[in-house]
Amino acid sequence: MSDTDDRTEKADLEEHHLRLRNLRLSDYPDVARIMDRVYADIGGAWTRKQFAAQINRFPDGQICIEDNGKVVAAAISMIVNYDRFGDRHTYQDITSNGYLTNHDPNGDVLYGVDVFVNPDYRDMRLGRRLYDARKELCRSLNLRAIVAGGRIPGYRKHKEEMTPEEYIELVKRRELHDPILSFQLANDFHVRRVITGYMPEDDKSQAYATLVQWDNIFYETERSSLIGGRKSTVRIGAVQWQMRRVKDFEDLMTNIEFFVDAMAGYNCDFILFPELFNAALLAQFNQDDPAEAMRGLAQYTDEICEAMLKLAVSYNINIIAGSMPVYEENVLYNVAFLCRRDGTIDAQYKLHATPDERFYWGVQGGERLRVFDTDVGRVGILVCYDVEFPELPRLLADQGMELLFVPFWTDTKNAYLRVRRCAQARAIENECYVAITGSVGNLPRVENIEIQYSQAAVFSPSDFAFPHDGIVAESTPNTEMTLVVDLDMDKLKQLREEGSVRNTKDRRLDLFRVEWLEHD
C-alpha cells in the first residue's frame, strides 16, 4: 500500500526531516561551522585530526542530528575508568586535548566531552534529544553513569556578589537561569561538586565548572546491545478534549499547545487528539447550512497541520492530530494526521463516513489504508466508525501494526459504546494495543455537533500478562482530562508466541483471508 498518494498535498508542510545517527568523518565541515559559531570566544572548532581521532576511537559515542542531510547538532562522548581521574581533573587532561586517547572500552563511565547545537535550531530542543541518546547509549553499554564537566557561563554576571557554590544553589532552586547548568539539571543530572581550573580559557565561567552526573538505574553486570534498538516501552497520552467556544485560530492553538506541552513534560512518545477536535471553529460559519460550514472549517486544516507539525518537532512528541475536514477537488473528507517529531507528516483518510456525516456535511470516504512507521514502532490510525469494521485492523496488523489509535466523536453513550466495544475486540483479535479518545462538553448553536460523550481508554489483549479485563487505563467519563499510559511492547511478542491463545498464529489461512482490493 503506497504512502505517496495521500501525502502529496501535505509535502509543503515538511520543513524539517530530522534523523539521529552516528557522526561520520564526512560531517566535519558541518561540525566545524557549528563549533565556530558556538565557541567563537573559546577557540572555535576542533581540527580535522581531532575530529577524526574522536570517531576512530569511539564511533558509537559520537552522535548527531541531521536535518535534510546536514548536521545541525552533535554530542561527543568517550568511556573512561573514572577512578583513574577522579573529580579533580581538567577538560584538556581527561579528553587528551580533544584526541580522546584516554578512551577505555572497559571503563565504567560515559564521559560527556561536548554537546553543541546550531544556533538556528536552538528552539527545537535538539539538545534534549542528544542527551536522551547518550542515556540510551549508557544503558546499552551497561555503564554505571554519565559524567561531564559543565561550564557555568552565567556566573560571570554574579561573580562579585556570590560564590560559585551559591550561584549553583540558586540555579538549582530556579531563582537564576544558567544556559548550560539549567539544561543539565532539567535532564536529570545532579551536581557532584564544583571544580576550578576546568577550562582556564573560559572567561564567562571564570574557569569554574560543575561536575554533573546522571546515574543509570538499570546498571547491571551483563552488557547488552548498542543504541538504535526497538523501544520496549512506549508512553502515550490521550487528551479527552473539552469542546468550548474559541475566539479564533490562535485561541485554538493555545489550547492545543497546552496539552502538547503537558504530555511532552511526561515524556510521552505519542499524544492523541479526538476526531474533529477543531470543531469549535465551526461557530464562525453559517449554521443554517452545516455542509457549507464544514467546508469553511476545512480552510483551517493546512494551517493547523503546519502548526501542530512544528509543535511535534519542538516538543519532541509524535502527535496524532485527531481528524479534521479536508476539501479536495470538490470532495469533503474526514482526515486524521500523524505529525512526527522528526518533522514529517502523514495522513489517514476516514474510509467509512457515517450516515450522519453524509447527510449533514456530504463527507465521502477515503480509498487508502495506511500503516505508519514511527521512531518507536509501526502504528495505525482508524477514525471512529472505521474501527467497527474488523477487516481494517486485520489488514494493518498483517503489516506489523502493534499500536492502533482511534480518535472518535460520539454524542451519546450508546454511540460511544459501539466504538469502545469494537476497539476492545480489535485489541484481542489482532493482539495489539488500542487507544481511543473523544470530546466532552457541548457547543451550543453549532449545528449537528452540539453535544459530546467520551471516556478515553487504552485496551490490551486479554491474557495473563495484561490486565484481566483488557483495560490498561480509562478516564473519568465526560470530564476534560488526560490519560498517560506506558505500554510494554515486548509483551505482544511474547503473547503471539506463548499466549494462552494465539489469534494471529492460529488463523486458518488455508480457509480464509482478508485482502485489500486494489483499484484505480
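## Terms and basis of the model

A residue is called buried when its relative accessible area is under 20%, exposed when over 50%, and partly exposed in between, with a 1.4 Å probe and protein chains only. This is a predicted model, in which local features need pLDDT of at least 70 and side-chain atom pairs count only at pLDDT 80 or more, while totals for chains, interfaces and linings use all residues. Residues are numbered from 1 along each chain as its sequence is written, and side-chain values use heavy atoms, with hydrogens and water left out.

## Overall fold

The protein chain has 14 helices and 21 strands, both taken as DSSP runs numbered from the N terminus (H or I over at least four residues for helices, E over at least two for strands). Its radius of gyration is 26 Å, which agrees with the value near 24 Å that a compact globule of 520 residues would have; the radius is taken over C-alpha atoms, and the globule rule is 2.2 Å times the number of residues to the power 0.38. The C-alpha trace spans about 75 × 55 × 45 Å along its principal axes.

Of the 520 residues, 54% count as buried. Where contacts (heavy atoms within 4.5 Å) link residues at least 6 apart in sequence, 72% of them join residues at least 24 apart.

## Two nonpolar cores

A nonpolar core is here a set of buried Ala, Val, Leu, Ile, Met, Phe, Trp, Tyr and Cys residues joined through side-chain atoms within 4.5 Å. The largest such core holds 54 residues, of which Ile 256, Phe 273, Ile 304, Met 308 and Ile 319 touch the most other members. Elements that each supply at least two residues of this core include the helices α8 (249-265), α9 (290-297) and α10 (301-315), together with the strands β8 (233-243) and β12 (331-339). Once neighbours within four places in sequence are left aside, Ile 256 is in contact with Trp 241, Phe 273, Phe 277, Met 308 and Leu 311.

A second, separate core has 52 residues, among them Leu 382, Ala 427, Ala 473 and Met 489.

## Helix α13 and its cover

Helix α13 (residues 413-430) has 18 residues and reaches 25 Å from its first C-alpha to its last, close to the 26 Å expected at 1.5 Å a residue, where the expected span is 1.5 Å times one less than the number of residues. Its buried residues are Ala 415, Tyr 416, Val 419, Arg 420, Cys 422, Ala 423, Gln 424, Arg 426, Ala 427 and Asn 430. The cover over the buried residues of α13 includes α12 (391-398), β16 (403-407), β17 (433-437), β19 (457-459), β20 (471-474) and α14 (490-498). After α13 comes Glu 431, whose phi is positive, near 50°.

## Cysteines and positive phi angles

The structure holds 0 disulfides, a disulfide being a pair of cysteine sulfur atoms within 2.5 Å. For Cys 138, the nearest cysteine sulfur, that of Cys 64, is 20 Å away, and Cys 138 is buried at a relative accessible area of 0%. The sulfur of Cys 305 is 5.6 Å from the closest cysteine sulfur, in Cys 339, which is too far for a bond; Cys 305 is also buried, at 0% relative accessibility.

Although Asp 188 is not a glycine, it has a positive phi of about 75°; Asp 188 is found in the loop between α7 (181-186) and β6 (190-196) and is exposed, with a relative accessible area of 54%. Arg 445, not a glycine either, has a positive phi of about 65°, is placed in the loop between β18 (439-441) and β19, and counts as exposed at 67% relative accessibility.
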